[in-house]
Amino acid sequence: MRTGGAAAGLGGRGREQSRPERRHAANMAADMTTGGPRRRLVHLDLKGAPPRAAYLAEVLPLLRALGASGLLLEYEDTFPYAGPLGPLRAPHAYSPGEVRAVLSQARAQGLEVVPLVQTFGHMEFVLKHKEFAHLREVKVFPNALNPHKEESLALVKAMIDQVMALHKDLKWFHIGCDEVYYLGEGEESKQWLQQQDNTPEKLCLSHIKAVASCVASSYPSVTPIVWDDMLRGISEETLAESGVPQLVQPMIWDYAADLDVEGKVHLIEKYRRCGFSKVWFASAFKGATGVNQSLTLIGHHLKNHLQWLKVASNSPTDVLEGIALTGWQRYDHFSVLCELLPVAIPSLAVCLQALENGGYSEKTKENVEKLLGMSNLETETFMSTSLGTFPGSDILTLVTQVSFYLKSSVDELLERNSLLSKWNAVVQDLQAAMQQVFHDCTVEEWMEENVHPSLQKLQQVVDDLDKAIKAQN
């Protein structure tokens with residue numbers, strides 16, 4: 001899920017499917033209202049730049065107005081884990097009270113919440129800690145969990161239980177399971193794979209089944225969701241025999257602007273034949289076009305959503321449970337920040353409205369502009385003047401200014417002292433705006449990546465020029 005297009009999962013390609021026959025127009029909308037999927041979850045990736053709870057309270061009514069029906073909350077280290085799981089909790093983690101407040105505000109807006117807890121791959125936020133390092137699949141890599149140890153399943157269950165305890169009346173719970181790198185390369189896995197008929201695919205499915213079974217036994221009314229990339233290449237026979245299709249709903253993710261519609265239709269049909277009752281789609285409104293992207297390429301994300309609408313319109317009416325609009329904040333736990341949430345709200349607005357209206361017309365564009373308080377919203381180019389009235393719009397305006405002009409103006413060094421004063425003022429304004437939404441650690445990290453190197457270069461040049469002038473005098 002951290003890359004722009006579809007990722008290859010385990011195993012080889014499933015058997016080729018015949019071209020899907022054209023379906024009658026009446027059957028072309030899968031779980032649709034006016035053209036788009038009825039359940040539209042906005043994914044909040046909280047492992048980087050987690051917004052303050054007060055900012056989330058401001059944003060939730062806007063998300064609802066734009067057409068969101070729910071939230072996919074990926075807490076990672078911002079969840080208030082306690083007891084033996086206390087080390088997982090970041091210094092800026094939300095308090096239990098803040099989580100309850102956000103969930104209450106979501107409920108008040110009619111937004112359904114689906115929590116996401118990684119339980120297999122992308123476990124860096126857990127396995128980086130010395131208390132849990134012994135549960136790594138490969139000793140030197142903290143990303144994948146060792147599926148052979150009973151303690152691994154106990155850890156995952158404890159995490160799920162703590163998150164469940166703060167979330168009431170859930171229908172779905174996302175257990176992650178994407179990009180399980182190095183699976184099968186640990187010493188215990190190598191021994192297991194030497195036994196007859198054992199394969200990496202079966203190892204993957206056995207862990208997914210174990211986690212999903214834990215959810216089913218403790219929370220029988222909750223359906224687990226999994227990212228689908230590890231399932232895509234597994235044969236229909238192996239998937240069907242695993243028992244996994246009866247336990248989970250796969251979330252098919254692809255963030256490409258040129259998403260292969262026919263390929264996705266084939267994949268959905270394959271999953272149906274294996275026994276999966278429903279599938280989810282996952283698009284992206286940000287965080288999929290560059291690891292350190294600072295401004296959002298709205299046009300890319302709009303095209304991605306229009307392609308998903310085509311997939312939905314060519315799929316059976318009863319197959320689609322909903323779509324999650326992902327908004328990645330880091331490609332993984334140790335990666336740098338990509339676009340901040342306030343910067344990407346215009347992209348999210350465009351994508352949600354496209355899904356709600358079954359396309360993106362001039363009328364839809366006008367509605368987006370009205371809801372955001374923006375004029376002449378551009379989708380194919382970055383906006384050099386990005387004014388708006390939505391929560392965090394000042395951050396978008398100032399980040400745009402930094403992205404467009406800071407590096408170039410420093411390189412040109414038009415006027416040394418006035419240039420430094422100008423940029424120091426802009427940076428102070430941006431820091432003040434960001435501190436209203438983000439914790440100091442996020443502000444400092446973003447500044448360190450996007451601002452400080454250029455300003456330090458400028459300060460050094462100014463200092464050198466002042467020394468040279470003084471020496472001449």
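H8 covers residues 261-274 and H9 residues 298-313, and they pack at an angle of about 45°, with their axes 9 Å apart. (An axis here is a line fitted to C-alpha atoms, for helices over the stretch in contact, and angles run from 0 to 180 degrees between N-to-C directions.) The names come from DSSP runs, numbered from the N terminus: helices are H or I with at least four residues, strands are E with at least two.

This is a predicted model, so local features need pLDDT of at least 70 and side-chain atom pairs count only at pLDDT 80 or more, while totals for chains, interfaces and linings use all residues. Residues are numbered from 1 along each chain as its sequence is written, and side-chain values use heavy atoms, with hydrogens and water left out.

Back to our pair. Val261, Lys264, Val265 and Ile268 of H8 touch Gln307, Trp308, Lys310 and Val311 of H9, where contact means heavy atoms within 4.5 Å. That contact has five nonpolar, one polar and two charged residues. For these classes, Ala, Val, Leu, Ile, Met, Phe, Trp, Tyr, Cys and Pro are nonpolar, Asp, Glu, Lys and Arg are charged, and the others, Gly among them, are polar.

Now hop over to H1 (residues 53-66), which packs against H10 at an angle of about 25°, with the axes 9 Å apart. The two are therefore roughly parallel. H1 brings Tyr55, Val59, Leu62, Leu63, Ala65 and Leu66 to the contact, and among the H10 partners are Leu341, Ile345 and Leu352. By class, there are twelve nonpolar, one polar and one charged residues here.

H10 (residues 341-357) also meets H11 (residues 362-372): their axes come within 10 Å and cross at roughly 135°. That makes H10 oblique to H11. On the H11 side, look for Thr364, Asn367, Val368 and Leu372, which meet H10 residues including Ile345 and Ala349. This contact has seven nonpolar, four polar and no charged residues.

What about empty space? Rolling a probe the size of a water molecule over the atoms shows where some is left. A search of the whole structure turns up three cavities of 30 Å³ or more. On a 1 Å grid over the protein atoms alone, a cavity is a set of points where a 1.4 Å probe fits but cannot get out, and lining residues have an atom within 4 Å of a point. Grid points are joined across faces, edges and corners, and a volume is the space filled by probe spheres set on the points.

The largest cavity has a volume of about 80 Å³. Of its 13 lining residues, Leu44, Asp45, Pro51, Gln329 and Leu341 are the closest to its centre. Strand E1 (40-45) and strand E9 (279-286) each supply at least two lining residues, and E1 gives the most, with three.

The second largest cavity holds about 60 Å³ of space. Leu44 turns up in its lining too, along with others including Leu73, Tyr94 and Glu98. Helix H2 (residues 96-108) gives the most to this lining, with three residues. The classes split into eight nonpolar, no polar and one charged.

Definitions and conventions
On a 1 Å grid over the protein atoms alone, a cavity is a set of points where a 1.4 Å probe fits but cannot get out, and a pocket is an open set with protein on both sides within 12 Å along at least five of seven lines; lining residues have an atom within 4 Å of a point. Angles under 35 degrees count as roughly parallel, over 145 as roughly antiparallel, 65 to 115 as roughly perpendicular and the rest as oblique.
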